[in-house]
Amino acid sequence: MSEIKKVATRDSYGQALCELGREHEELIVLDADLAGATKTAVFKKEFPERHIDCGIAEADMMGIAAGLSTCGKIPFASSFAMFATGRAYEQVRNSIGYPHLNVKIGATHAGISVGEDGATHQCNEDIALMRTIPGMVVINPCDDVEARAAVHAAFDYVGPVYLRFGRMAIPVINDEETYQFEWGKGVLLKEGKDVTIVATGLCVNEALEAAKLLAEDGIDAEVINIHTIKPLDEELVIASAAKTGNVVVVEEHSVIGGLGSAVCDALSQNAPTRVQKIGINDEFGISGPAAELIKLFGLDSESIYEKVKVWL
């Protein structure tokens with residue numbers, strides 16, 4: 001049996017920027033003294049004249065990106081999720097969101113899978129923050145193939161986009177030859193009749209594996225990958241909920257304000273359904289190896305399987 005390929009989506013981000021840079025001179029990449037970590041260093045090496053290191057000044061970086069966008073450039077402002085959304089929230093809201101400028105935010109090192117960097121750097125609130133900004137698109141890809149496709153799609157979209165990437169290498173589950181990224185559309189990965197598992201980011205693969213374990217117990221789980229959290233594919237979620245009657249949302253993010261909240265909003269208005277949210281509860285992360293933290297916080301396939309089984 002061949003080994004499963006694993007790639008960190010932050011690497012996908014850097015590769016996609018280079019692909020776009022070769023075709024589009026208007027692409028400008030900004031970073032906040034983290035080019036090696038965010039993987040924009042590969043773009044800097046190939047296009048040094050189109051890479052701007054703004055230093056440890058994320059708020060300034062967002063202002064610079066906003067200005068560049070008004071001059072016909074398409075800027076990708078890059079930093080850790082904690083700093084891109086936390087430290088620079090006011091600038092993202094007022095300088096990018098309010099005038100609805102064509103700025104893309106590439107946020108790496110999101111979630112608890114940052115690992116040993118600990119609670120201060122494990123941003124589990126970024127999706128909630130970005131969802132509240134009017135007109136902001138929020139994307140959280142599940143693997144390398146989807147991440148690179150998402151960056152290309154973000155470049156083509158006119159308006160602000162928040163792209164979430166991870167530090168941890170995760171399995172590649174999509175086929176590059178056949179995969180097509182559809183803006184604002186979820187992906188039905190497995191059909192089922194007993195429960196719907198809606199997942200995003202690195203939790204998508206874990207949800208698929210959990211579905212296999214549930215099948216051994218006679219539980220037929222439907223699995224949906226939501227890469228575009230805002231706008232949410234409400235039609236797909238509502239249709240699946242109507243079929244199964246049970247919805248579980250799994251995300252490497254706080255259970256407050258993330259994908260789970262978006263799904264609950266959609267269902268409560270259109271098809272009231274009982275929902276279980278699996279994510280980071282009302283707590284901060286801790287320092288430790290990424291894989292161990294995923295298990296500790298109940299986001300691995302076995303933990304998802306156990307929680308869904310008990311809940312049903």
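I started with the largest pocket, which has a volume of about 290 Å³. On a 1 Å grid over the protein atoms alone, a pocket is an open set of points where a 1.4 Å probe fits, with protein on both sides within 12 Å along at least five of seven lines, and lining residues have an atom within 4 Å of a point. The volume is the space filled by probe spheres set on the points, which are joined across faces, edges and corners.

This is a predicted model: local features need pLDDT of at least 70 and side-chain atom pairs pLDDT 80 or more, while totals for chains, interfaces and linings use all residues. Residues are numbered from 1 along each chain, and side-chain values use heavy atoms, without hydrogens and water.

Of the 14 lining residues, I noted Lys-6, Met-168, Pro-171, Asn-205 and Glu-206 as the closest to the pocket centre. I sorted the lining into eight nonpolar, one polar and five charged residues (Ala, Val, Leu, Ile, Met, Phe, Trp, Tyr, Cys and Pro count as nonpolar, Asp, Glu, Lys and Arg as charged, the others, Gly among them, as polar).

Next I checked the cysteines and found zero disulfides (a disulfide is a pair of cysteine sulfur atoms within 2.5 Å). The sulfur of Cys-71 lies 15 Å from the closest cysteine sulfur, in Cys-54, so it is too far for a bond. Cys-123 is in no disulfide either, as the nearest cysteine sulfur, that of Cys-203, is 15 Å away. Cys-71 is exposed at 60% relative accessibility, and Cys-123 is buried at 1% (buried is under 20% relative accessible area, exposed over 50%, partly exposed in between, with a 1.4 Å probe and protein chains only).
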